[in-house]
Amino acid sequence: MNDSLMKGISLLAVIAFTSCSHDAWFQTNDKVKQEADQYSSNFKTIVLGGQDADARQTWNTAVSTQITLTSAKTGTLKIYAADPAQGTVVAALYTSSINKGETKTFTVARPQNATTLFATILDEKNYMIDNMAFDASESKVTAAFYTSAASARLAAPRRVINPIFNFPEDADASKFLDNVPAGVKSFEEVAGQGQTGYGTGTSYVDPSWTKEVNIWGSWDGSKSTGGTLYIKGNCDFTNRKFYVAQNTEVFLVRGATLTLGAESASDLQGGCNFYIAEGATLKTASGVELVGNNGLHFYNHGTMEAGKLQINNASVLYNSSTITVNGELSTENSNSVIVNDGTITATRLHTAGSSHVQNNATMTISGNTDIDSNNNTWVNNGQYTTGNFYYTAGSNDVINNCRLTVKDLFRIALGDTDKNGFKMDSNSGVVTKYFEADGPSYIFMGAKSVFEVTETATMKITKDLYGIYGPETGDKAVFHAKKIVSGAVENQGFVANYFGQLVVAYDESHFPQGYSDKDAQQQAAGEIGAQPYYRIGDGAVVEKTEFIKYQVEHSECNPGFNGGSGNKVEPKQYVYFAFEDLGTSDDFDFNDVVVRVSVPDANNMSTVELCAIGGTLQQKVFCGDTQIGEEVHSYGEFGANTKTVVGVPIAVMGTVNVPAGTSVADLNISIQVVRKDGQIVTIGGPQPGETPFRVVVTGDEQGKWFWAKERTNISDAYNLFGKWGVDMDSNPDWYKHPVNSKIVKW
């Protein structure tokens, strides 16, 4: 404040504080009282809009809060006013080491509006291993990290995860023929034109046969006895019947094509074996469903094409070459099996009943993969790509041993049973655009496996101990998402749990909606629920990707993971003390002296730093009766950083002790001003409801506060300041809403 504008000297009484207290040093006289009254009148008119200050108002945005906290883990304890898992590195209100089971009591200066605080435990690498929100609205609060008496189920670092079900082998190579064996007669020669009732025998069909094939077989007293039929050349039965008895063996030799119409394709008999040689094709007419029933086996070394393909009732589809299904591929009943050693494409895969699917090569499903039976087996040992992956009924053996790619949504929504997991082998990978965990579901991950969500992972697991598990020992698995959010849950507690050797990495945020099991209205009112949204078990860490120094090598099965440098530089938190120096009675910029005091270190010591000098009078900074540093102008040119910032701080002035049980907000930081007439006046904190010459402001999440430019009243730089002044319950975060053109931004 330029003293050429001085209109008088105003008076401020100094109140006693818990720490660094002293008596006022100023001399009182009528002139000082008159100027103080003028200052107060102008402040009321200009800043408070003609209203009286709130009788409780101390002009301090910080509230000293005593916290008693019990930790469930050993590490570094930090207290934050904002959730540190929201992607931005925030400044801590308190830092200390703590041991598992230890209880500590300490005092922090929290922002007035921060009625919810966050307690975080960090490991030696500065990774988050526990995080908890707690209600801090009272002056004394007690909080404890969640612990569970139940033991978690941990995954082992595996090499290959084998299912319980034993998948069948391919047919012997001798079954796949280049030609019809010598001596075999044509169907016409054996059966006669249009003959039915054909019993056990061997024949072939070629394009010269233009009528039906209708092999009834014979009965041996216990079962139907089929024959042997070879398919040669292009045999089109789209508009005529093709029927062979149960237990018949059908061989499609190299170059053969067998095309079936709707009636014949749906009436293939149980116990039959179809062997499709390399270069041969079994297909249906456009849109027709091919159905295997009652122990029928397809062994494909050539090509299969169908509108739909359904494998039922202990039937087997074993593919070693190429299958194209224009619609749904399904395994519908008990012990029906699909094994793929080649390439399968379909629009949907549906595994129902107690059916089993194993992919050992390449399988591409353009639409949904639906696993919705409690006894399914789905095993991927190769490259499996699908539009959506819906796993909605718990099974023992839903296993990914290599690479699963989901173009849109991976959804796991299982029941409360022991058979409800999704298992991943070590070094395997899942890549999906979106992920949703709903209900009491498990994901078990082997060492260095990676589950990558390129967009949003939505968690609503709703029960403790269910969740995502890394291996018990060894290298960590990685669950990586752009952002991790909570789904809609109705007060059921946990929506995510992380256990074992697991890295949970997020690019943007982790549960940005908040940290409560209350509904939206209750959260908006600041209520904290009975349980947190998530639990971090022993061995698991949660951290923003750029701060995780961990890598998994890319491979055919694994998308890989590349963390960042691991260098997370956390800003320091400060409380700012901004003063008017009695220069005029109508200038309320509160920048004549601005100092900031850091939160205490482990030895309860805080630094005092000079940030701004906006007055010309000689001024010294005190904590109680102890002078901190030198006269402020000895550190920098007058007014420099209220106009053009040359660096913050201007100088580190010294250190102060913050006694146990107090906070930075309790310190009696004052300035001593020498008037031109030589009178010494000390300016400290006002009594509640009095007009201030000192405003105390907590730093934001980055530890910063931006004071008003020279000769700019604080109520012009911060439009909500006056409203807070007359009602301290309103707009307590006024200092986060500046008029940018009227503040000193640094």
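The structure is a predicted model, in which local features need pLDDT of at least 70 and side-chain atom pairs count only at pLDDT 80 or more, whereas totals for chains, interfaces and linings use all residues. Residues are numbered from 1 along each chain as its sequence is written, and side-chain values use heavy atoms, with hydrogens and water left out.

A disulfide is a covalent bond between the sulfur atoms of two cysteines. With a disulfide taken as a pair of cysteine sulfur atoms within 2.5 Å, the count comes to one. This bond is formed by cysteine 402 and cysteine 557, whose sulfur atoms lie 1.9 Å apart. Cysteine 402 is located in the loop between strand 33 (397-400) and strand 34, and cysteine 557 in the loop between strand 45 (551-552) and strand 46 (561-562), so that the pair ties together parts that are 155 residues apart in sequence; strands here are DSSP runs (E, at least two residues) and helices are DSSP runs of H or I (at least four residues), both numbered from the N terminus. Because the torsion about the S-S bond of cysteine 402 and cysteine 557 is about -90°, the disulfide is left-handed. Both cysteine 402 and cysteine 557 are buried.

Side chains of opposite charge can pair when their charged atoms come close. A search of the whole structure for salt bridges, defined by a side-chain nitrogen of Lys or Arg within 4 Å of a carboxyl oxygen of Asp or Glu, finds 20 of them. One of these joins the side chains of arginine 348 and glutamate 328, at 2.4 Å from N to O. Since arginine 348 belongs to strand 28 (residues 348-351) and glutamate 328 to strand 25 (residues 328-331), the pair ties together parts that are 20 residues apart in sequence. Arginine 348 is partly exposed at 26% relative accessibility, and glutamate 328 is partly exposed at 21%.

A further salt bridge connects the side chains of glutamate 436 and arginine 411 (2.6 Å, N to O). This pair links distant parts of the chain, with glutamate 436 in strand 36 (residues 429-438) and arginine 411 in strand 34 (residues 403-413), 25 residues apart. Glutamate 436 is buried, at 17% relative accessibility, whereas arginine 411 is partly exposed, with a relative accessible area of 23%.

The side chains of lysine 736 and glutamate 701 also meet in a salt bridge, at 2.9 Å from N to O. Lysine 736 lies in the segment after helix 7 (721-726) and glutamate 701 in the loop between strand 55 (694-698) and helix 6 (714-717), so the two side chains tie together parts that are 35 residues apart in sequence. Lysine 736 is partly exposed at 31% relative accessibility, as is glutamate 701 at 28%.

Among the strands, an open sheet of three has the order 4-1-7, with mixed pairing, where two strands pair if DSSP finds at least two bridges between them. Its edge strands are strand 4 (103-111) and strand 7 (140-144), each of which pairs on one side only. Strand 1 (residues 62-70) and strand 7 pair in the parallel sense over five bridges.

Notes: Buried < 20%, exposed > 50% of the residue type's maximum accessible area, 1.4 Å probe, protein only.
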